[in-house]
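User: I am new to this structure and would like to learn how to read it step by step. Could you take me through its features in turn?

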Amino acid sequence: MEDIFLQSVKFDGEKLYVLDQTKLPQVTEFLEITDIEDVWDAIKQLKVRGAPAIGIAAAYGLALGIKDAPESDFEAFYEYFKEKADYLATSRPTAVNLFWALKRMDARAKAENGKPVSSIKKLLIEEAHTIRQEDENVCSSIGENALSLFQDGMTVLTHCNAGGIATAKYGTALAPIYLAKERGMDIKVFADETRPLLQGARLTAWELMQAGIDVTLITDSMAAMVMQQGKVQAVIVGCDRVAANGDVANKIGTYGVALLAKAHNIPFYVAAPLSTIDLETRTGEDIPIEERAAEEITAGFGKSTAPEGVKVFNPAFDVTPHHLITAIITEKGVMRGNYSEELPHLFEN
Ligand SMILES: CSC[C@H]1O[C@H](OP(=O)(O)O)[C@H](O)[C@@H]1O
C-alpha cells in the first residue's frame, strides 16, 4: 500500500518518538521519550494507544528502560530487566499485546544468556524492531484477508480506531479499507465517534479523510438507525484480546454494535493479529476490563457535562461473545465460527 501512513511509534536507539494521539486531529505532535516512566505514562494516558501500538511501545520502552541495567552478570541484568518489564505491565490491563510483547522481550533476553550483557541490550533493541516490523507485515496480511470479505460499492461500519496509528502501519480493521482504496474499490465507511474518548471521531475519521476515503461520522447511538435503513453491509472492528473460545474484548460499545449487526443480519467481523489472541484466557469472562477515570465522561476534553460528584462507571472495553462474531480475520486467514477448535491451530508451525 502506498506510503500515506504516519508511523505512530519510532525508535532511533536512543529516543522513542510517540505520536501523541490525545492531541489529534488538531495537532500532530511527537513526544520524544528517553525514560521508561514516560513510556508508562504515554500508554496509560492513551498518548500511544491501540493494542499492537501499545505492544510495540512497551517493547521499545523496555529496551530504553534497561540501558542502565548492571552488566556484571546475566543474573544481575535479568533482575533489573524483570523489574522494568513488570512495571510496564501495570500500565493498562486489557490489551494482551502489552504482555505478549514483554514476553517476547523476556524470551529473547533468556535466549541470549551467556553473551555479554552489553550485547544483550543491543539484541533486545533488535527484538523490539522485529516486533514492530512483524506487526506491519501482519496488518498488511490482515488487510488482504479481510478484503476478500468486501465487495466494491459496499459501506462498512467501524467502532473506535483500529487504524494505522493503532498499529505499526496500515491498521487491522482499517487495513482492508486502505487496500480497497489502493485497488480502486469504492468502500464507504460509517465511523462511530466512540465515546467517551472519541477515537472514532478524532482518529478514524481523521485517518480515513487523510487517505481520501469516504467516511461519515456518526454518534454511537446512530449505529442502529443506519443499519435499520440498510445503509451498512458489514461491520469490522479491531480487538484488544481474543479469548480461547473466540470471545473478544474491544472498545466499549463494540458489544452493542455486534448485537445491532445480529439483529439486522449484517456480518460482524473482528480483525485480530495473533499477537492479540490469548489462549491462556479461557473465555471473555476472564478478560480484565480496564476502568478509567470518571472525568473522561464528566469532563471529557475539558468541558464539564455532568453534575458535580455524580457516580460514574467508565469501563474502557466490553466483551462480544463469540456467537455474535461472523468471522475472525487474522494474518493467517479468515475463521468463521468454531473458534475454540480453530484458534489453537493458528499457533501450530
Ligand atoms: C488495532 S487497535 C485495537 C483496539 O485498541 C483500542 O483501544 P484503546 O483506544 O483503548 O487503546 C480499541 O479497542 C481498538 O479497537
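User: By class, how many nonpolar, polar and charged residues does the shell around the ligand have?

Analyst: Before the count, note that this is a predicted model, in which local features need pLDDT of at least 70 and side-chain atom pairs count only at pLDDT 80 or more, while totals for chains, interfaces and linings use all residues. Residues are numbered from 1 along each chain as its sequence is written. As for classes, Ala, Val, Leu, Ile, Met, Phe, Trp, Tyr, Cys and Pro count as nonpolar, Asp, Glu, Lys and Arg as charged, and the others, Gly among them, as polar. Here the shell around the ligand has 9 nonpolar, 6 polar and 3 charged residues.

User: Which residues of the shell are the closest to the ligand?

Analyst: A residue is near a molecule if its C-beta atom, placed from the backbone, lies within 6 Å of it. Of the 18 residues that surround the ligand, the closest are R49, G50, A166, G238 and K251. Two or more residues of the shell come from each of the elements α2 (51–65) and β9 (248–251), where helices (H or I, at least four residues) and strands (E, at least two) are DSSP runs, numbered from the N terminus.

User: From which domains does the shell draw at least three residues?

Analyst: Domain bounds come from an automatic or database domain assignment, and the shell draws at least three residues from each of domain 1 (9–139) and domain 2 (150–347). The centres of these domains, taken over C-alpha atoms, are separated by 25 Å. Their contact, in which two residues count if their C-beta atoms, placed from the backbone, lie within 7 Å, takes 24 residues from domain 1 and 30 residues from domain 2. On the domain 1 side, the elements that give two or more residues are α2, α4 (96–111) and α5 (117–147).

User: Which strands does β9 pair with, and how many bridges join them?

Analyst: Two strands pair if DSSP finds at least two bridges between them. Strand β8 (residues 241–243) is joined to β9 by 2 bridges, and β9 is joined to strand β12 (residues 317–320) by 4 bridges, with an antiparallel run in the β8 case and likewise in the β12 case. V248 in β9 is the bridge partner of V242, and V248 also stands opposite T320 in β12.

User: What is the order of the open sheet of 3 strands?

Analyst: The order is β1-β2-β3, with antiparallel pairing. Strands β1 (9–11) and β3 (30–33) each have a single partner strand, so one side of each is left without a neighbour in the sheet.
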